[in-house]
Amino acid sequence: MHRFANPSRFLRLSAAILPWSTAACVCLLVVGLYFALVASPPDYQQSETVRIMYVHVPAAWMAMGTYAFLALASATGLIWKHPLADLTAKAAAPIGASFTFIALATGALWGQPTWGTWWVWDARLTSVLILLFLYLGYMALWNAFDDETRAARAAAILALVGIVNLPIIKFSVEWWNTLHQPASVLRIGGPTIDPSMLLPLLLMAGAFLFYFVTILLLRIRLELAGRKLRTVQFNRARASLRGTT
Amino acid sequence: MRTGRRRRDPLGVRAFGTVLARDLRLARRQGGDAGLAVLFFILGTVLVPLGIGPEGALLSRIGAGLLWVMALLAALLSLDRLFQSDWEDGSLDLIVLSPLPLSMTVLAKVTAHWLVTGLPMTLVSPVLAVLLNIPPDQIGLVALTLLLGTPTLSLIGSVGAALTVGARRGGVLLTLLILPLYIPVLIFGAGSVDAAVAGPGAKSHLLMMTAMLLAALPLCPWAAAAALRHALD
């Protein structure tokens, strides 16, 4: 675990991973978009609007996955006082918030033609909206303290408290009688979705996953670079101060 | 000395009582906070019929939900002072040093918060329910949901209050952190009245609210205590 706490080792490792994850993201996105927009059949009920699914579902999966990842990184930071884990959680939050927003926005666009309404106060939609607020609260808490370690600890505890929302999102379509359809891919008894639609969906999910990895690594590197810059500026200011006195 | 005190107060009942009494005394002497929450609850509720019109059918339809939203906001009002004032004058450092487990101290402070906000709100809610034209047979149910729900609000709120100790603009931030977590309590609290009217009965909602209270009772003071320890590091 602490092998990866060393920033310079992380920088080396991430520099080695970044080109591969970027390439994987671009390849999967191109192939996935071809299958999603051209090679897959329209739905017999929803016709062409079903193609919104290839963005909506991966974004929703990633919104939840990112939160689980963020909570895991927070727990690591809290338990082992792992500074890089705190930074990882901080870097993941805006990406997760964006995924959540995309899932909500595409859901609204999809809901208008199929359900006849942009928004319903149903358990799935409401719990995802709560997820967005949790992300925003998490990010706001990071910015509320001058002391970085204090901010990291507080934000980590909030992330762990907020994890109660994840099972609610996942099972909301089974516990409540919702307008949102129940799970059709990750369910006991195998997917009920047709293979011709499952393939582009999984390709797009892979593209989203590698997009997340790429952006996450870039954001952590940016954060580390920012800290290095602050240290350099601080030292320079102190040196110039010493010069004058 | 310390073991002697332990023997006289093995379960920390007296220490718990001391923290509780201290917070209640502070709430009474400083005035403001305690009465303010109830006053906000009453005034906020009274404003709504003035805003949307005094139509009885409409008010009785939205009354329960309205009382719940107001209770949520009123509970938030004094929450940011729960630990912040103790942190500012330094007494929090001393409270943490006491032999009473910090989570129990948090529970004592939460109890005090509920006694000066949640409980009075529950007590005045039947009067407000009459003003809102809620049918007489549902008034008891509304008060019961508030009785079950407001302690949960105070408990969840203590986590947020502990997390924002020493934060910039802690009060606004606290609202952002806590309101999403309040939503399940609101849904079941307000929903129980709808369920009772619609037919299936409020029992499952009330059981769910009790479950949330029982889950929050050990977990929230624990999380809040962890947050407070980090705040004082």
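1. Helices here are DSSP runs of H or I with at least four residues, numbered from the N terminus. That wording is needed for a detail at the end of one helix: just after α2(A), Lys81(A) takes a positive phi of about 50°. The model is predicted, and the points below should be read with that in mind.

2. Chain A, overall. Seven helices and zero strands make up the secondary structure of chain A, and from the N terminus on its elements run α-α-α-α-α-α-α. Taken along the principal axes, the C-alpha atoms of chain A fill a box of roughly 80 × 35 × 30 Å. Chain A has 245 residues, of which 46% count as buried. If contacts in chain A are limited to residues at least 6 apart in sequence, 75% of them join residues at least 24 apart.

3. Helix α2 of chain A. This helix has 28 residues. From its first C-alpha to its last, α2(A) reaches 40 Å, close to the 40 Å expected at 1.5 Å a residue. Two C-alpha atoms, those of Met53(A) and Tyr67(A), are separated by 21 Å, and the two residues are 14 residues apart along the chain.

4. Met53(A). Met53(A) belongs to helix α2 of chain A. Is Met53(A) buried or exposed? Met53(A) counts as buried because its relative accessibility is 7%, and the limit for buried is under 20%. Apart from residues up to four places away in sequence, Met53(A) touches Pro58(A), Trp110(A), Ile193(A), Met197(A) and Leu201(A).

5. The largest pocket. Its volume is about 1,400 Å³. The lining of the largest pocket comes to 46 residues, and those nearest its centre are Val164(A), Ile168(A), Leu181(B), Pro184(B) and Met212(B). Two or more lining residues come from each of α2 (53-80), α4 (123-143), α5 (148-161) and α6 (165-175) of chain A, and likewise from α9, α10 (170-198) and α11 (203-232) of chain B. Which element gives the largest share of this lining? It is α11(B), with twelve residues. Sorted by class, the lining of the largest pocket holds 36 nonpolar, nine polar and one charged residues.

6. The second largest pocket. Here the volume is about 1,100 Å³. The second largest pocket is lined by 42 residues, with His56(A), Val57(A), Trp110(A), His180(A) and Gln181(A) the closest to its centre. At least two lining residues are supplied by each of α2, α3 (83-115), α4, α6 and α7 (195-244) of chain A. The lining of the second largest pocket divides into 27 nonpolar, eleven polar and four charged residues.

7. Ser154(B). Ser154(B) lies in helix α9 (residues 136-163) of chain B. With neighbours within four places in sequence left aside, Ser154(B) is in contact with Val110(B), His113(B), Trp114(B), Thr117(B) and Tyr182(B).

Definitions and conventions: Residues numbered from 1 in each chain as written. Chains lettered and ligands numbered in written order. Predicted model: local features only at pLDDT ≥ 70, side-chain atom pairs only at ≥ 80, totals over all residues. Heavy atoms only, no water. Contact = heavy atoms within 4.5 Å. 1 Å grid on protein atoms, 1.4 Å probe; cavity = no way out; pocket = protein on both sides within 12 Å on 5 of 7 lines; lining within 4 Å. Points joined across faces, edges and corners; volume = space filled by probe spheres on them. Nonpolar A, V, L, I, M, F, W, Y, C, P; charged D, E, K, R; others polar. Expected span 1.5 Å × (residues − 1). Buried < 20%, exposed > 50% of the residue type's maximum accessible area, 1.4 Å probe, protein only.
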